[in-house]
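Trainee: Could you walk me through the side-chain contacts and strand pairing in this model? I would like to see how each conclusion is reached.

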Amino acid sequence: MFVINKIIGDQDTAFAWGSFRIKVRVTGKTFESDWAVICEIEKEKIKLFQFFEDTAALEEAFDLT
């Protein structure tokens, strides 16, 4: 499942947020998180890309804790 709640932006900057749920094949566990992304463009190239998610839940889903 991948849901985009909203996208806001102009020609140089974009921000989006939503939620997702995936099944980790190696563990069989489900990873579920809200997410947000920021992207800045300069001279038609990506200048900044940041993706935010629940990394503690990701570690748990991959049995890394």
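Trainee: How many aromatic pairs does the count come to?

Mentor: Happy to start there, with a word on the ground rules. This is a predicted model, where local features need pLDDT of at least 70, side-chain atom pairs count only at pLDDT 80 or more, and totals for chains, interfaces and linings use all residues. Residues are numbered from 1 along each chain as its sequence is written, and side-chain values use heavy atoms, leaving out hydrogens and water. Rings of Phe, Tyr and Trp (its six-membered ring) pair if their centres lie within 6.5 Å; planes under 30 degrees apart count as stacked, over 60 as edge-to-face and the rest as tilted. By this rule, the number of aromatic pairs is four.

Trainee: Is Trp-35 buried or exposed?

Mentor: Buried means under 20% relative accessible area, exposed over 50%, and partly exposed in between (1.4 Å probe, protein chains only). Trp-35 has a relative accessibility of 6%, so the class is buried.

Trainee: Why is the pair of Trp-35 and Phe-51 stacked?

Mentor: The ring centres of Trp-35 and Phe-51 are 6.0 Å apart. Trp-35 lies in strand E3 and Phe-51 in strand E4 (residues 45–52), so this pair ties together parts 16 residues apart in sequence. Phe-51 is partly exposed, with a relative accessible area of 39%. The pair is stacked because the planes meet at 10 degrees.

Trainee: Which strand gives the most to the nonpolar patch?

Mentor: Patches are made of residues with over 30% relative accessible area and no salt bridge: like charges are joined within 9 Å, nonpolar side chains (Val, Leu, Ile, Met, Phe, Trp, Tyr) within 5 Å. Here Ile-41, Ile-46, Phe-49 and Phe-51 make a nonpolar surface patch of about 390 Å², with areas from the Shrake-Rupley method. Phe-49 is found in strand E4 and counts as exposed at 52% relative accessibility. With three residues, the biggest contributor is E4.

Trainee: How many salt bridges does the count come to?

Mentor: A salt bridge is a side-chain nitrogen of Lys or Arg within 4 Å of a carboxyl oxygen of Asp or Glu. One of them joins Glu-42 and Lys-47 at 3.3 Å, N to O. Glu-42 is partly exposed at 42%, whereas Lys-47 is exposed at 53%. The count of salt bridges is three.

Trainee: Which residues do salt bridges that share partners join into one network?

Mentor: Glu-60 and Lys-29 meet in a salt bridge of 3.3 Å, N to O; Glu-60 lies in helix H1 (residues 55–61) and Lys-29 in the loop between strand E2 (13–23) and E3, so this pair ties together parts 31 residues apart in sequence. Lys-29 also meets Asp-63 at 2.5 Å, N to O, linking that loop to the segment after H1, 34 residues apart. Glu-60 is partly exposed at 41%, Lys-29 at 30% and Asp-63 at 46%. Through shared partners, the network consists of Lys-29, Glu-60 and Asp-63.

Trainee: How many bridges pair E2 and E3?

Mentor: Two strands pair if DSSP finds at least two bridges between them. E1 and E2 run antiparallel with seven bridges, and Val-3 stands opposite Ser-19 in E2. E2 and E3 are also antiparallel, with Ile-22 opposite Phe-31 in E3. The number of bridges between E2 and E3 is eleven.

Trainee: Which residue takes a positive phi in the hairpin of E2 and E3?

Mentor: The hairpin from E1 to E2 passes through three residues. The hairpin of E2 and E3 has six residues between the strands. There, the residue with a positive phi near 80 degrees is Gly-28.

Note on methods
Helix = DSSP H or I, 4+ residues; strand = E, 2+ residues; numbered from the N terminus. Areas by Shrake-Rupley, 256 points an atom, 1.4 Å probe, with all protein chains shown as cover.
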